[in-house]
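The sequence and the coordinates are shown here for reference.

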Amino acid sequence: MTFPIKGILTLITLSAALSGAAAATSYPLTITDDLGRKVTLKAEPKRIISVLPSTSETVCALGLCDRLVGVDDYSDYPQQVTKLPKVGGLYNPNIEAMVALKPDVVIVSQYGKLAEPLTQAGITVIAVNPETYDEVFSKTLLLGKILNREAQAKTLVGKIKGDIARVEILTKNAVRQPTAYFEIDPTPYSIGPNSFMGVLLTKAGARNIIPASMGDFPKVDPEFIVKANPQLILGVDAKTAGARPGWSGISALKTGKVKDIPSELNTMLGRPGPRLGQALMGLAKLIHPELFK
Amino acid sequence: MQAAAPRPGLGVGLGTLLLAALLLAAVVLGTGLGSVTIPPGEVLGALWRGVTRQALEGNDVIVWQIRLPRVVMGALVGASLSVCGGAFQGVFRNPLADPYLLGVASGSALGATVAIVAGWPRALIPVSALLAALAAVACTLWLAREGRRFPPTRLILAGVVVGSVLSAATTALILRGEDRARQVLAYTLGDLGFSGWRDVLTVLPYAALGCGALLLLARALDTLQLGELTARSLGVPVERLRLIAVIAASLATAGAVAYVGVIGFVGLIVPHMIRLAFGPGHRTLLPLSALLGGALMVGADLLARTTPLSQVGIVTTLLGGPFFLWLLRKERHD
């Protein structure tokens, strides 16, 4: 027999986690975070700061909302976190406020350069930053491990996947899968099929006009969109779209299939967190209202 | 560095012809190439169908409603910025003067940022940018004023200070509205993205009025190069000339900047290139700058559309910066 390689190890770890046999996390726990640093947690964190809205949601979904002592300016779900002290945003983090809250751990994104000053202040910092669709699940499990809620994380992942599967069953049977352009920013930026939002768009029963080769969140040349002539345009209101040069001839505009994303759904769609299933449901209802009558 | 004596160089007639051909070539290339390649025959067909008001078919929409207005807008903005640059350099007798000198760019950037962060409709962004740009220039003029005079050094200093203060305000706003930061950034990097015929028609009066006035002032600007005292003794009302030129150039610049954002270096560099090739006389400098500036801008936008550089302001700055340094070194060696 050959020695088990890394992949097999991962499989074993994963299946152990999935079998529900996961015991409590044992501390000290050392993990490699998204900045590639080895971080050791001495004990189960009781005072947590999250500086990513999706992480705040995940921490709460793991049943640890009451352990959050501070969140970034943009965390607003669930309701409970809106009452917590705010510690700034990506570009203007309030490091002093974070230190003053005496956290056991600050969970940061890989952007924003918070790790170094906080570490120097003697605070444990872990970068956990889900970006792809699959990472939503792997990072949720990772957070579960870090926070000693592995079983809950496993259940949560199962629930999100279940939510997604229910929508997918419906949309797979949709007779028409419209070609779609999804605008996330009016400059204009769109989403590639491999981004987590792109995966959701496909699962919601639409065919993305953006090819994978253009990247995950590409700036799009407007004439490309006109040439692709999508049957559905999401993320712009009809008036704005109609006023753009050359757009009035696009199929989606002719048939009135231009839909702005309601702001709450937009927030959910932008967060690779526990509400992914709900976000997909909202998106699917926009694309295929006929399936949800 | 600007000798008043005519320099040996290309003949102006030939030069005009060459530059006009360059602009035409840029327009033709710019209309044919992009994320979708359209053969010249099809471009011509589309233009013909558009002019003769036939139904547009196939790629016609792209040519006629998206690319051509974008190209024309590029040419218009490039020409405006270059003419204003040439005029500013003449008015202040300062080779580093450019259309953004008096706080025009930072003013319009602030105006646009306010509109974007506040979530106003897209149509209001240029309006807000334009008003703020004109307010910024008015502020600079007011600060620089000494009785009825506007001494160049004071004007430039006031412009720099007004610009810095407005930029700081813009940055503060961007930080407050993080989720719209990218849109603001796109604006401050210059973008021709959604330029349509309506935008072209809106910018046109500013460009025509501003640049037209500057062209009429060309002879007076030439006289000013002999020195303020000489110009005065020759009967040039120096202060009034300066004020009118500044207002005209600010108007044209603000109109352009309001619609396409901040586009660096074109207005600084193009007049230098023309001066090198054709000499410093403003009666040739200004119109030829318009031709070259238009061509360069269309070319830069073509690069922006077809490469990952993605925004025309990035291209002009990336190409313009090094070129300008080269120009500085070359002049020192000369």
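Predicted model: local features only at pLDDT ≥ 70, side-chain atom pairs only at ≥ 80, totals over all residues.

## Annotated transmembrane regions of chain B

An unreviewed UniProt entry assigns the feature "transmembrane region" to residues 71-92, 99-118, 124-143, 155-175, 203-221, 241-274 and 311-328 of chain B. Two of these segments are described further here.

Residues 124-143 of chain B are 100% helix and 0% strand, with 28 Å between the end C-alpha atoms. Residues 155-175 of chain B are likewise 100% helix and 0% strand, and in that segment the end C-alpha atoms lie 30 Å apart.

## Helix α2 of chain B

Helix α2 of chain B covers residues 40-51.

The buried residues of α2(B) are B:V43, B:G45, B:A46, B:R49 and B:G50. Viewed down the helix axis, the buried residues of α2(B) fall within an arc of 165 degrees, so they line one face of the helix. Their packing partners are α1 (12-32) and α3 (60-91) of chain B. On the face of α2(B) turned away from the buried side are the exposed residues B:P40, B:G41, B:L44, B:W48 and B:V51. After α2(B) comes B:R53, which has a positive phi, near 60 degrees.

A:E183 belongs to strand β7 (residues 179-185) of chain A. Is this residue, A:E183, buried or exposed? Its relative accessibility is 4%; because the cut-off for burial is under 20%, A:E183 counts as buried.

The side chain of A:E183 makes a polar contact of 2.7 Å with the side chain of A:Y181. When neighbours within four places in sequence are left aside, A:E183 is in contact with A:P188, A:Y189, A:L234, A:G235, A:V236, A:R244 and A:W247.

## Salt bridges

Side chains of opposite charge can pair when their charged atoms come close. Over all chains, the count comes to 24 salt bridges. One of them joins A:R166 and A:D163, whose closest N and O atoms are 2.7 Å apart. Both A:R166 and A:D163 lie in helix α6 (residues 150-172) of chain A, where they are three residues apart, about one turn of the helix. A:R166 is exposed, at a relative accessible area of 54%, whereas A:D163 counts as buried at 15% relative accessibility.

In chain B, B:R154 forms a salt bridge with B:E146, with 3.2 Å between the closest N and O atoms. B:R154 counts as partly exposed at 34% relative accessibility, and B:E146 counts as partly exposed at 37%.

## A helical pair and a network

Another salt bridge brings together the side chains of B:E239 and B:R242, at 3.9 Å from N to O. These residues, B:E239 and B:R242, are three residues apart in helix α11 (residues 238-260) of chain B, so about one helical turn separates them. Both B:E239 and B:R242 are buried.

Which residues are joined into one network by salt bridges that share partners? The network consists of A:D221, A:E223, B:R67, B:R70, B:D301 and B:R305.

Technical notes:
Residues numbered from 1 in each chain as written. Chains lettered and ligands numbered in written order. Heavy atoms only, no water. UniProt positions renumbered as here; feature names shortened; annotations may be inferred. Helix = DSSP H or I, 4+ residues; strand = E, 2+ residues; numbered from the N terminus. Expected span 1.5 Å × (residues − 1). Buried < 20%, exposed > 50% of the residue type's maximum accessible area, 1.4 Å probe, protein only. Arc of directions from axis to C-beta. Contact = heavy atoms within 4.5 Å. Polar contact = N/O pair within 3.5 Å; in protein donor to acceptor, adjacent residues only side chain to side chain. Salt bridge = Lys/Arg side-chain N within 4 Å of Asp/Glu carboxyl O.
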